[in-house]
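Keep the view open and look up each residue as it comes along.

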Amino acid sequence: MEFPAALFPSYFVTGPPQEEGGPALAAGWGEHEQVLEAGPRCREAGTMFVPRRGGMGESWKPADAAAIPLLPPNTSYWVPSLEPQDILYRGALYKKLQPGKSAATLDFTKQLRHFFVDHPEDAFGSMGQLLHQNFFLGNSKLKRQARNSSIRMTALMEEIERLKARRGCPEQYLVPRLRWFSHICRDWLFEVPLGLLADSMHEELLLQAWSGGALGFSQDVAISCAVSCGLPDFVSVRSDYHCGVWRVPGRIGAAPTPLQVIRTDVPASCLTVSPHLPGELSVCTQSGAVYLWSVEMGLQRLRHDTQTMFFRDHSPWHWSDFTAHPRVLSCADRTGLQCLDARAPERCHFDLFKVGQEAGCQQGERVVLPMYLGRAHPSQHLVTTQFSVYVLDERLPMVPVLKWAHMMKAPPLFSHLTPGGPRRSHKVLLGASCTQELLLLQYRGGSQSACQLAGPPQKLHSIVGCLQHLPTQLPHHHHLLQQRLGAPAAGLAAALQKDGPQESLLVFQLSEAGDIFYQRLIHEVMEPSAPTLMDEAVAAPVPSPAAALRYRRWLKDFSRSHREHPQHTWPPTFSQKRIFTCRELEMSAGPSTLHQQARQQLRQAMQEGSYIQRWDTPLPQPPLVQLLEPPGGLDTLSARLTTAWSEGWCQWWEEKSRYNVAQRRQALRERRRQQKRARGRRSLSASFTSSHTYQSELSELSDVAPLPPPVSPTVLPRETAGSSPPSAVLDEALLSSQSLHCRGIPKERQKTLRDYLSVCAEEVPEPPEPLPSQASQACIPSSQSLSQASCTSQSRRKRPRMGF
Amino acid sequence: STHKRKLDFTKSKEACLSYIQDAMLQKQWKRAAEFLACYVESLEKDFSAEPVSPSEIIWRMGAEILCHHPQSNIKEFNSFIEQMKTFGLKRYLKICLEHTFHLLCNGLIDEAYQNLSMAESWRFGECTVIQDKEKKLIQAYRGLLDYYSWCKQKNILLEHGQDGFEDLSVEQEMHSYFRKAAVNLQEIIKIPGVWDLFVKCYVDLLEFYGDHNEARQVLNEYAYNSKFPANPNAHVYLYQFLKRQGESKKSLISALKILHDIVPSHELMIDFNTMLQKSKKRKKRRLGLEVIFAALDYAGWKENVKAWSCLARQVKQIIMSEKHLEWIKQEWNSRKDWWPAFHFSRYLAKKNWQENENLSYEKAVVAGILLGKDCKYFKHVSHQGCKAQVKRFRMLKRFVNKHSHVCLRIS
């Protein structure tokens, strides 16, 4: 392996970092850092010196205006991740911190966030103690003063219970609280005995209930794979306590075969597949143990140290990877990187990277992600911190061969390498989680020439960026989309595609919501002498028709999946399908005059900003009737009812029921006699079957009576005399089973319809008093619950007349 | 209201900065330049006590934009940087240094030299540690440019010297460049760091004037001072110097032995192995085998034909002589569990045969000896070789068959 004949000059100082400051603005711009004598090829071209940064890079132009969805939206249940304001109490504090009112703008959430990031041990370890006073576990109500600072846990638990019963019936305000609760639970949920969890999960699976949530809750899953051992390839899957390895046959479409699974007592924090040897992996646990795992030979522990490597900064996060030597593994924690020789791990190890002055680190800088860059150069490694990105060479440990302040808003947690061939630059993608930032860096060198950063870094599209290209949405839907698309990134990948002379790089980004978006970058071959004119050629501001189609399709699927799985943020909807069939709800040919009138009135009321007290009909009607009217327009039934209310019903009725009353009466008597005979044989308890039979009987009886004109209560049938207001009588007469039957309404619907209309009969509807079983449904402000409530009130009203 | 104004101003400043950043990251240099023009206002009303001053931000972003802006030129760049120098006194030296680098990369050596001279004469209060380092770097780069001027004069002189022509003034000028360069270069290389370029130039100067002791001392210090990082190049330079000096094999070997200890995968290991193999001492030949085995452990050497032929030759020698078979055995013992999968898989046999016949031959020799004639790699390659009627493969097959009993003793 060739080593560069000369490296860029740099000072070498040992010791802890001295520089303060944190993320410096614009720190990555405007520097060449150092220069070096150019190689013979460049010297022929006339340049004597080459810079460490700021050299020419390849041009990769985005092909689209924004990231495009690769797959339909992930339909599995997803709870948006916790936001700072979910954990922190807002009420009282917020009022005090209105911007401009106080002298100092104290962003408490931000401060606490920093605290959580910088001192997770203190923050979370003592969380219980800190919040102890703010949790109230009793049943009694909280006093007003206490309410400002504490949360009633019982209330929260009840709410969760109720939510279950409601099957996701939305209540917007609950979401942050639930998220907050889930966040608090995260710590102890791990301690639920796995066996128990497995049992109940198994049960749930048998019942085909939702179980994905439980799985997702208790274990993080990560996949890593290696492709460089030739065929076949190996894929490893890591969850908290289990690591598995699969063999993927080279043939396309062949199923992967599971090889081995190991179980760890401490959550595993890293699992990588060896790029050198088939069936070898490195495993790392949160307790600081590093293993070389061979499918054939088993596990070999290389290191076990709960302490961090270079200075004390306790963190359970550990990482391990492979190096240029198949028997040497690198292991990392927040303080740096070390290389261990598997043949003699105790004796043979060396430090590769250390947070300190050797690498020019800042105070508080910590390793966020190490990655072996073997596919670019066998001895190169990438290390990212919250401030910078480093390229290291195993052959020159401790001194980064490349360093660049990445200026990203969130630390780069994901990276991907696309190696460039000879004379080409290596492409490194850096991705942040919360902010979805995506950066493309290019570098070259490592063997013949020293490492150089090639060209300026390039920002790629983030998933949330496509929001502006989607069709305009209703505000609540927009918010929902924003939340969905803005979900933190969960991973990235890239693939180089060669289509003849044209090369394109496909970059995939995965979000925590499970959506995968991709973007294509097209390589433009530039003449080295040509000026860089490509810069202002910004990608088309509007998406291509193909992309627009994908957006629309994705959006359609997304809203459909939301309808199917009502989530908490979806506004309450209800269906009337169960009350009337489509046929029943069929609109009449054109809007009736009344309809038009109502419309006009409504428009006028809207213009004036006043209420609609009553419709333009002389009869006083309860406003509830209007509310209950199905929005589908007037069908024959509604038309009939409205005519009734506008006093024209009598005439209408006669028109509609033109058959011999006497004949009917005769037939009815016949039937009633038969029924009475039959009922006499039944027991008393059997006679009390349901209000339904009673009611149909009642209406049949009312049928017997001569049809009463609405204004003359003198001829009221005896059964209803004096007990019901006249309108109720009207209804009952109107809703006789026979008349309903001849309208084509099936018998089982007749009751519902009667219930529905009985509400109209009551001039002052009784407040619905839900039965215990219905209490949980009380929150549904739908016609269904109202009709149920009216049903109960009606049956109560009628029960005394049943003759018990 | 003053407070509110300050607050608003800070906010709009931040927003402006993020716009610039965004445009720059998307390579929209013209847009970035327009925003930067607005941001310059922040210099006038700088209320903040931020760690990074707006002047530094403007310098960094401005320089970057001007490097890429399609309409910028070196003249504009220079005038921008000159303005920046007067703004940021704290960063004056850094800006000077960066300006120099920009000029150097654009081939403007004389301007760069002037710039460095000016920066060197700059005095402002007491130097901070960083400024002191920057000063030393400025000095060193000036020394480097002096060295290039010296080289130029030297070349003129050498060319003319061949014609029998002597020019005193050129020679004097050359000597004065030498003095300036030597003085400027020797300072920085005493400080721990990576100074490959400066050390090389300084040693070249010293060697030209015959000061070999000083050169050796400088190189020894650079290679062996424990305060310096473990830079393989330091050992390479020392080795090359010793070679130029015609030093004994022993000292060359000891120099390379240390390089082998710190970077077993260094390309010079082939030279080292050849040198050791030629040695009459058994111990050294043993070390040679160790060196080549160790080099081939690394992924970067997998397809190195030279290295494989070195190993094949040595292994073949040992087998034929049937002496020191235990050397191979010892080396092989620690590798037999992973070398077969790493080097001698069926997949690699196919790949190597298709891509590089020489490589597959050398590897097949080693595989046949170490793993026997039934090894997948050997079988595939020798079969393919015989099928293609290549003579050496047939001979190889015969060789392995003949010595199979010896091979058995190894595995």
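How many disulfides are there over all chains? The count comes to 0 disulfides over all chains. Before going further, keep in mind that this is a predicted model.

**Cysteines in chain B**

Take Cys105(B), which is in no disulfide. The nearest cysteine sulfur belongs to Cys67(B) and sits 9.1 Å away. Cys105(B) has a relative accessibility of 14%, so it counts as buried. Cys310(B) counts as buried too, with its relative accessibility at 5%.

**Salt bridges**

Now for the charged side chains. Searching the whole structure turns up 37 salt bridges over all chains. Let's look at a few of them.

Start with Lys94(B) and Glu31(A), whose side chains meet in a salt bridge at 3.1 Å, N to O. This pair crosses between chains. On one side is Lys94(B), in helix α6 of chain B (residues 92-105). On the other is Glu31(A), in the loop between β1 (10-11) and β2 (35-37) of chain A. Are these two residues buried or exposed? Both Lys94(B) and Glu31(A) are buried.

Next, stay within chain A. Asp313(A) forms a salt bridge with Arg366(A), and their closest N and O atoms are 2.8 Å apart. Here the link joins distant parts of the chain, with the two residues 53 residues apart. Asp313(A) belongs to the loop between β15 (298-304) and β16 (319-322) of chain A, while Arg366(A) belongs to the loop between β19 (349-354) and β20 (367-372) of chain A. As for cover, Asp313(A) is partly exposed, its relative accessible area being 23%.

Then there's a pair inside one helix of chain B. The side chains of Lys257(B) and Asp261(B) meet in a salt bridge, with 3.1 Å from N to O. How far apart are Lys257(B) and Asp261(B) in helix α13 of chain B? They are 4 residues apart in that helix (residues 249-262), so about one helical turn separates them. Lys257(B) counts as partly exposed at 29% relative accessibility, and Asp261(B) is also partly exposed, at 48% relative accessible area.

Asp341(A), Arg343(A), Arg286(B), Glu290(B), Asp297(B), Glu331(B) and Arg335(B) are linked in a network of salt bridges.

**A positive patch**

Which residues gather in a patch of positive charge on the surface? They are Arg346(B), Lys350(B), Lys376(B) and Lys379(B). Two elements of chain B give two or more residues each to this positive patch: α19 (346-355) and α21 (376-387). Lys376(B), which lies in helix α21 of chain B, is exposed, with 52% relative accessible area.

**Positive phi in two loops**

Two loop residues of chain B are worth a look for their backbone angles. His324(B) isn't a glycine, yet it has a positive phi of about 60°. You'll find His324(B) in the loop between α16 (305-321) and α17 (325-333) of chain B. Gln389(B) is another residue other than glycine with a positive phi, near 55°. Gln389(B) lies in the loop between α21 and α22 (391-402) of chain B.

Val218(B) is in helix α11 (residues 212-224) of chain B, and Leu289(B) is in helix α15 (residues 282-296) of chain B. Val218(B) counts as buried at 13% relative accessibility, and Leu289(B) counts as buried at 0%. The table pairs each with a second residue and gives the C-alpha distance.

| Residue pair | Apart along the chain | C-alpha separation |
|---|---|---|
| Val218(B) and Arg179(B) | 39 residues | 17 Å |
| Leu289(B) and Glu187(B) | 102 residues | 42 Å |

Conventions. Residues numbered from 1 in each chain as written. Chains lettered and ligands numbered in written order. Predicted model: local features only at pLDDT ≥ 70, side-chain atom pairs only at ≥ 80, totals over all residues. Heavy atoms only, no water. Disulfide = S-S within 2.5 Å. Buried < 20%, exposed > 50% of the residue type's maximum accessible area, 1.4 Å probe, protein only. Patch = residues over 30% accessible without salt bridge, like charges linked within 9 Å, V, L, I, M, F, W, Y side chains within 5 Å. Areas by Shrake-Rupley, 256 points an atom, 1.4 Å probe, with all protein chains shown as cover. Salt bridge = Lys/Arg side-chain N within 4 Å of Asp/Glu carboxyl O. Lys, Arg positive; Asp, Glu negative; His and termini not counted. Charge placed at Lys NZ, Arg CZ, Asp CG, Glu CD.
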